[in-house]
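Trainee: I would like to learn how to read a structure like this one. Please take me through it feature by feature.

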Amino acid sequence: MATLLDVLDAAVNHHMAGRLAEAAQDYRVVLAVEPAQPDALHLLGVAEAQRGVQAAAAALIARSLRLRPDAASPWANLGGALRALGDAERAETALARALALDPALADALTNLGSARHALADHPAALAWLERAERLRPGHPDTALNRGVVLRDARRFAESDACLDALLAARPDHADAHLARAVGRLVRGDLRAGWDEFEWRPRRLPAPPWTGEPLDGRRILLHAEQGFGDTIQFARYAPLVARAGGRVILDVHPLQFRLLRSLGPDIQVLVRGPAPAPHDLHCPLMSLPRAFGTDLASIPAPTAYLSAEADEVARWGRRIAEVDAGAGSGPRVGLVWAGNPNHRNDRNRSIPVERLAPLLGTPGLRLFSLQTGDAKAARPAALPDLTAGVRDFADSAAILANLDLVIAVDTATIHLAGALGVPAWLLLPYAPDWRWLLDRADSPWYPSLRLFRQPRPGDWESVLRAVATELDGFAADRSAQLAPQKQS
């Protein structure tokens with residue numbers, strides 16, 4: 001008869017072989033009998049982290065540390081889970097404890113490098129990762145993290161060399177391929193980037209479409225990532241229809257009404273528990289590869305989505321009520337924070353108090369378009385336009401009533417660009433790949449203007465430049481509106 005120790009040994013063997021579900025089941029058997037078994041708690045937490053369930057991982061590892069606080073490895077793994085949850089400060093505290101207990105613990109050094117990367121401290125991140133590399137040469141986690149930090153520090157040749165070496169040793173390392181994809185895409189080498197980007201996980205069993213003739217077959221286009229990604233790549237759906245496919249677009253319910261504006265050739269469906277019947281499928285973010293898109297061939301009409309006319313009128317009346325007595329200057333909507341669960345939210349979002357230089361611009365009517373937790377910090381002087389918003393179609397109608405949108409990297413920027421609404425995007429030093437490098441425009445959205453950090457963390461320079469441009473914008477737009485008011 002198997003003892004508890006036998007079950008724990010079996011769990012560890014499953015874990016080491018990559019059979020995470022079997023390992024987790026055995027760890028839970030151990031904990032059902034002995035809830036305070038620290039190894040089972042710690043290793044179940046590690047397995048949960050490897051499955052991407054970071055909150056559960058952190059809770060389990062923290063329980064193990066209450067039982068055995070002087071164990072270095074659990075502190076290192078707790079730091080990794082906290083880093084993945086976006087809590088870089090607590091991650092650093094846990095990792096410092098791990099290294100105090102074991103200064104040569106390579107996992108802790110690697111995770112500390114990742115935590116400093118999250119804080120945009122590239123020199124410190126590389127220093128920790130290089131220490132880890134000396135202790136554990138060629139380890140894939142350290143190599144991957146080092147390649148990503150070098151990429152975000154714009155040391156592209158070194159990043160390429162690091163990731164290429166990792167892939168030479170482990171050709172099927174999906175995360176390394178994806179990291180290399182981002183490095184290609186952000187530099188504008190789109191076709192090479194799309195190829196590497198295909199290492200994303202696949203979810204549907206039907207044959208994928210890669211650009212071959214469609215001949216009237218039903219093709220399911222499906223969203224797989226964030227709302228902004230769906231808006232950006234929905235532009236390809238009409239091209240698929242023109243290429244001979246019967247297009248079914250499967251989307252989140254909050255984007256259903258908006259994406260119906262793609263036109264009658266696109267059958268838009270709300271995502272259900274099972275996909276609609278289809279012959280072929282293609283994730284939206286694989287469409288650029290299927291069409292062979294490079295910088296010169298990005299399909300970028302002035303607008304490819306539209307707000308419903310009756311909703312534009314309804315929201316226009318609502319905004320006029322909110323705006324009563326505020327004068328006749330141009331209307332500007334602000335978004336200062338993105339999804340707090342986004343891995344890079346710390347660097348993409350701006351504390352609302354930093355917006356003060358913009359709020360004092362004379363001749364403008366400023367409004368908050370902020371949603372989520374950050375909405376609670378809205379300045380009292382900034383009227384809120386989001387009350388009563390049901391979905392992205394409502395958001396589109398609001399934007400259609402504005403003269404300008406100023407936002408950090410969120411779905412609002414994609415929506416403004418897809419509608420052709422003028423928008424200014426505020427970007428961190430290491431931007432998302434789609435915004436490329438060192439340019440003030442976007443080949444994806446003609447109505448966008450980009451304001452970039454000149455160095456990591458430098459929002460002051462960005463907001464100072466935006467405030468200067470806003471002064472001119474206010475004067476120009478007020479001059480344009482004056483004749484309309486007189487007539």
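Mentor: Five strands, in the order β6-β5-β7-β8-β9, form an open sheet with parallel pairing. β6 (365-368) and β9 (448-452) stand at the edges with a single partner strand each, so one side of each has no neighbour in the sheet. Direction ignored, neighbouring strands of this sheet are turned by 20° against each other on average. This is a predicted model, in which local features need pLDDT of at least 70 and side-chain atom pairs count only at pLDDT 80 or more, while totals for chains, interfaces and linings use all residues. Residues are numbered from 1 along each chain as its sequence is written, and side-chain values use heavy atoms, with hydrogens and water left out.

Trainee: What counts as a strand, and when do two strands pair?

Mentor: Strands pair through backbone hydrogen bonds, either parallel or antiparallel. Strands (E, at least two residues) and helices (H or I, at least four) are DSSP runs numbered from the N terminus, and two strands pair if DSSP finds at least two bridges between them. Angles run from 0 to 180 degrees between N-to-C directions, with axes as lines fitted to C-alpha atoms, for helices over the stretch in contact.

Trainee: Which strands does β5 pair with?

Mentor: Strand β5 (residues 331-335) runs parallel to β6 and is joined to β6 by four bridges. Leu-334 stands opposite Ser-368 in β6, and Val-332 has Leu-366 of β6 as its bridge partner. β5 also pairs with strand β7 (residues 404-408) in the parallel sense over four bridges, where Val-332 stands opposite Leu-404.

Trainee: Are the faces of β5 buried or exposed?

Mentor: In a regular strand the side chains alternate between the two faces of the sheet. Here both faces are covered: Arg-331, Gly-333 and Val-335 on one side, and Val-332 and Leu-334 on the other, are all buried. Buried means under 20% relative accessible area, exposed over 50%, and partly exposed in between (1.4 Å probe, protein chains only).

Trainee: How is the other sheet arranged?

Mentor: Four strands form an open sheet in the order β3-β2-β1-β4, with parallel pairing. Its edges are β3 (266-270) and β4 (280-283), each with a single partner strand, so one side of each is left without a neighbour in the sheet. From one strand to the next, the twist averages 25°. Strand β2 (residues 246-251) pairs with β3 in the parallel sense over five bridges, and Val-251 has Val-270 as its bridge partner in β3.

Trainee: How do I read a helix?

Mentor: An α-helix has 3.6 residues a turn, so residues three or four places apart point the same way. Helix α5 (residues 72-84) has 13 residues and reaches 19 Å from its first C-alpha to its last, close to the 18 Å expected at 1.5 Å a residue; the expected span is 1.5 Å times one less than the number of residues. α5 is mostly covered, with 11 of its 13 residues buried, including Trp-75, Asn-77 and Arg-83.

Trainee: Where is Thr-302, and is Thr-302 buried or exposed?

Mentor: Thr-302 is found in the loop between α16 (287-290) and α17 (309-322). With a relative accessible area of 58%, Thr-302 is exposed. Thr-302 and Gly-420 lie 118 residues apart in sequence but 5.4 Å apart in space, C-alpha to C-alpha.
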